[in-house]
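Please read them with the coordinates open.

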Amino acid sequence: MGIDSGGGAAVFWRWWTAGATSAVGSAVGAVALPLTALTVLDASAFEMGLITAAGYVAWIVIGLPAGVVVQRLPMRGVQVGADLARAAAVVSIPLAWWFDRLTVAQLVIVALVTSFANVLFDVANSTFLPSIVSREQLQSRNSLTSGTHAATQLGGPSAGGLVVQVLGAVPTLLVDAAGYLVSALLLRTLPERRAQAPDRWPPVRAMIREGRRFVVRHPVMGPCMWAATAANTVCGAQQALYALYLVRELHAAPGLVGLLLAADGVGSLIGAALTNRVTARLGTARALIVAGFAAVAGALVVPLGTGWPGFAAFAVGNVVFAAAIVMFSVVTRTYRQIASPPDLLSRVMATVRFVSWGAIPIGGLVAGVVAGLLGGRITLLIFVVPAVCIPLVLLASPIRRLRDLTDYRGSGESTGPPPHQRQLAADA
């Protein structure tokens, strides 16, 4: 699939700016939305879990068809439409609040709308990148993208917490909506994908099945997908409980909540900055295993302590866990983009995210239910168990014998990329 870039570097930087702008707004909204639920609507632990689950449930509902949709429709139109849908959904919250009609049900609906838009946008976005940068640049560009996301996660929650203290949680959501609008305007200037469509597309189910087989049967990337699923189960629990845990159990003020949640951005920035260095020294396969054990350590430290020691443990654990997950994400995403045949890439991305990101709402819902019974601290400790599965899954696969993911040889052949007529598999 080719793109008439009209200057690859210029196209990349416009694409990058759009994503960065949107991410800044989303990072602010990530603080404002849960604080709206907690401080304006007095949401329960279960309701917080429900909102978190709604924000990711679309990966379960349309995660697989999204790859086919992105392959068949104009990619730029999909991205712009998703941005506009997200902006409209978020703006509805301040409007309902202004007329004293805001409810938890509306927050769930907004989370659902943004969730469906996120699925289409993310699949299109990750499919677009390999078409505008060379194979040799993919890992560095993916690291830059993750680093940018980390920087917004670092500054966004801090700024969001301060803005919430000054303006209130609901008005702060307008910053999130503005980010989506700016992103849409920038993406509208990008060249449309130039790809030859067949005279007749295969049935949707057949296309989905082909992508799924490629992913599930791949001897290296398949295990990475299951490890990512375990990691995202933990992420779902953390997203559902972090604000609740900080406000209700550690009694943190909104400004401090923003600062502590920003530790995720610090960790993500560290992980993105270290990925190339660590993979060069250890190899991509070994780096994944190290990242898996680091994620376990981070998840274990997060819920330890009370008072200021508790705040410190939360920040340190959050940094370590986030750094490990970003390193894992950059390495596996890059390999997926390299190893997948171009005509399968969008379906590979969608399949992997359907499975791994589909674990996020499940983790959020389960965590919300358990926290309602046992409290946030105990629940976060319970979710260390799926974190332990991250390195265990990798060690149980051929990855444990490799230095780099591309070193795998099965039946005398390299895994990347195999002829997709064989319907082997690739990971996420």
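1. Helix α10 (residues 221-249) and helix α14 (residues 307-339) cross at roughly 145°, their axes coming within 11 Å. Axes are lines fitted to C-alpha atoms over the stretch in contact, with angles from 0 to 180 degrees between N-to-C directions; helices are DSSP runs of H or I of at least four residues, numbered from the N terminus. The crossing of α10 and α14 is left-handed, that is, the near helix is turned anticlockwise from the far one by less than a right angle.

2. In the contact (heavy atoms within 4.5 Å), α10 contributes residues including M221, A231, V234, Q238 and L246, and α14 residues including F314, F321, F328 and R336. The contact residues divide into 16 nonpolar, three polar and one charged. Ala, Val, Leu, Ile, Met, Phe, Trp, Tyr, Cys and Pro count as nonpolar, Asp, Glu, Lys and Arg as charged, and the others, Gly among them, as polar.

3. The model is predicted: local features need pLDDT of at least 70 and side-chain atom pairs 80 or more, while totals for chains, interfaces and linings use all residues. Residues are numbered from 1 along each chain, and side-chain values use heavy atoms, without hydrogens and water.

4. Helix α5 (residues 75-98) packs on helix α6 (residues 104-128) at about 160°, with axes 9 Å apart. The two are therefore roughly antiparallel (angles over 145 degrees). Here too α5 passes α6 in a left-handed crossing. The contact of α5 with α6 holds 16 nonpolar, seven polar and two charged residues.

5. V234, Q238, A299, V302, P303, L380 and F383 line the second largest cavity: six nonpolar, one polar and no charged. A cavity is a set of points on a 1 Å grid over the protein atoms alone where a 1.4 Å probe fits but cannot get out, and lining residues have an atom within 4 Å of a point. This cavity holds about 40 Å³, the space filled by probe spheres set on the points, which are joined across faces, edges and corners.

Note on methods: 1 Å grid on protein atoms, 1.4 Å probe; cavity = no way out; pocket = protein on both sides within 12 Å on 5 of 7 lines; lining within 4 Å. Parallel < 35°, antiparallel > 145°, perpendicular 65-115°, else oblique.
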